[in-house]
Amino acid sequence: MNREDFPMFKQDIIYLDNGATTFKPSVVIDKIVDYYSNYSANAHRGDYSISYKVDVEYENARRKIAKFINANLDEVVFTSGATESINIIVDGFFDNLVEPGDEIILSKSEHASNVLPWFRLANKKGARIVYAPLDTHLHITLEGIKSVITPKTKIISLAEITNVVGDLRPIKEICELAHANDIFVVVDGAQSVPHKKTDVKISDVDFLVFSGHKMCGPTGIGVLYGKKELLESVNPLILGGGMNESFDSEQEIFLKELPQRLEAGTPNIAGAIGFGAAIDYLEKIGMDYIAIYEQKLKAYLVERLMQLEHITIINEESDSGIVAFNVEDIFSQDVAYYLNKYNVCVRAGNHCAKILKSITGVKNTIRVSLYFYNTYEEIDSLIELLTDKDKIIKEMI
Amino acid sequence: MNPELKREIMIDNYSNPFHKETKDEEDYIKENGNNVSCIDDVNLYVKIEEDIIVDAYFDGEACAISTSSTSIMLKNIIGKNITQVKNYITNFQNMIYEKDYDKNILGDAIVYDEIYKQESRKTCATLPYTAILKIIDKK
Ligand SMILES: Cc1ncc(COP(=O)(O)O)c(C=O)c1O
């Protein structure tokens, strides 16, 4: 499905590591080449036509992304990715708000990017990190969140879909609950925005972060979405060109409006424009279609894996295209090496969720993460390679 | 050595590793072996008396290459003095990095003589050697 759109598929390769990053369709690659080949000027310098075209294309990309998540134009800030976006709001917004004794709710299955910035803030401010309980399937429930909210809770920061367990969190309901208690909600959309329809007005999240490269876009570009009134109070951490209106020798600085205020320096122009093309591409396929297809493909993968006695699935109840498993008695990385000999790309490891092992007791897993371009035939090939445990042992080194 | 036999030795040292145990002993110097590109995580414990490595063991979780390489290394170094061990390590590293080396002192570690063909697994094979060198340096 859509495979002819991706130059990477000219290789004989089965790519099952879409949680790490995704392949890029030709329309995205061409768009980037077009910028560098035909109007390679800087942004915000519209005195000549090619620079004017840069501004038009750059802002067009922003418009596409805003529409894609149903945000307003000035609520979409370009960053280098989900990681930078979280750091910007932790250090530029919550740093001003958090006081000693405040509580920040996270979960033990968060990606490092949604953990470490909060650790630093908590350490600096004397705030407390509280982990929302995970149920027997390692999922977060609304009741679980309720059970850890106290009068001191200030922030809830969660991935909408986690990158190991792949569970989908009830973000809209969490926001309702949180806002009724004057709590801010930050959502890490790195694994959800690429795979399902996102609507920030319906979910009512305060902040949402995601990366272009996990959704057919280029690396080095991502988004920070924030409600306008909140973004207005974000202290720009990086100062320089492009974000100031004027300054004088008396050291007075006047900043630009949002979102430019938070985009200092020459931006990743090619990245943003390429990201815009990726959005067009995904819209054409349809986010609802993508979500349904991945669900079906995942169900098929789980069903086939369950037939293999030597395989244990960690998250058969996952709501996304992410399946984590282990082959009995074989170290996950050896399985990945073995599969690589047959041009099958899977990830082995702890997937940046290093505190999850304290709950599961399982430190490392093999992770398959699907995207809409994966096929049933690819699953069949994977299963065939995993069927004979002795073959794996024989060929893993 | 034929590839089949090499593989067998590696698998054997992976499935039944030498001195892989979890215990808490005094008088052992501990060093962790891991590398950025992979998830291997091995702790090496070495007891040195005078100039001699009198005992060593390891624990942790690692891939077949790292685990077997650690097992084989421990077999080769126990009972040797520091000079001999250093010489052994140098020869092993020379083999991995495709320089001249003396086969005769490597024992079973010779099974990794073609690992250079798999760039990403070189660090697995050398993982315990990097750790033991740190221990020797500490001494
Ligand atoms: C859940 C989750 N959050 C955040 C990130 C970080 O994304 P990036 O590295 O693009 O900033 C990832 C990427 O692996 C992720 O899976």
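Predicted model: local features only at pLDDT ≥ 70, side-chain atom pairs only at ≥ 80, totals over all residues.
Let's start at A:H111: one of its polar side-chain atoms lies 3.3 Å from an oxygen atom of the ligand. Residues are numbered from 1 along each chain as its sequence is written, chains are lettered from A and ligands numbered from 1 in the order in which they are written, and side-chain values use heavy atoms, with hydrogens and water left out.

Which other residues reach the ligand's oxygen atoms? A:Q191 has a polar side-chain atom 2.6 Å from one, and A:A82 has a backbone N or O atom 3.4 Å from one. On its own the ligand has 390 Å² of accessible area, and the protein covers 84% of that (Shrake-Rupley method, 1.4 Å probe).

The residues around the ligand, with a heavy atom within 4 Å of it, include A:H111, A:Q191, A:D188 and A:K214. By type, the shell has two nonpolar, seven polar and two charged residues; Gly counts as polar here, and Asp, Glu, Lys and Arg as charged.

The structure holds two cavities of 30 Å³ or more. A cavity is a set of points on a 1 Å grid where a 1.4 Å probe fits but cannot get out, and lining residues have an atom within 4 Å of a point. A volume is the space filled by probe spheres set on the points, and the second largest cavity has about 60 Å³.

A:Q191 turns up again here, as one of the lining residues of that second largest cavity, along with A:H195 and A:E294. Where does the lining come from? At least three residues come from each of domain 1 (3–16 + 286–391) and domain 2 (26–284) of chain A, with bounds from an automatic or database domain assignment.

One last stop: the peptide bond from A:L258 to A:P259 is cis, with omega near 0°.

Conventions. Polar contact = N/O pair within 3.5 Å; in protein donor to acceptor, adjacent residues only side chain to side chain. 1 Å grid on protein atoms, 1.4 Å probe; cavity = no way out; pocket = protein on both sides within 12 Å on 5 of 7 lines; lining within 4 Å.
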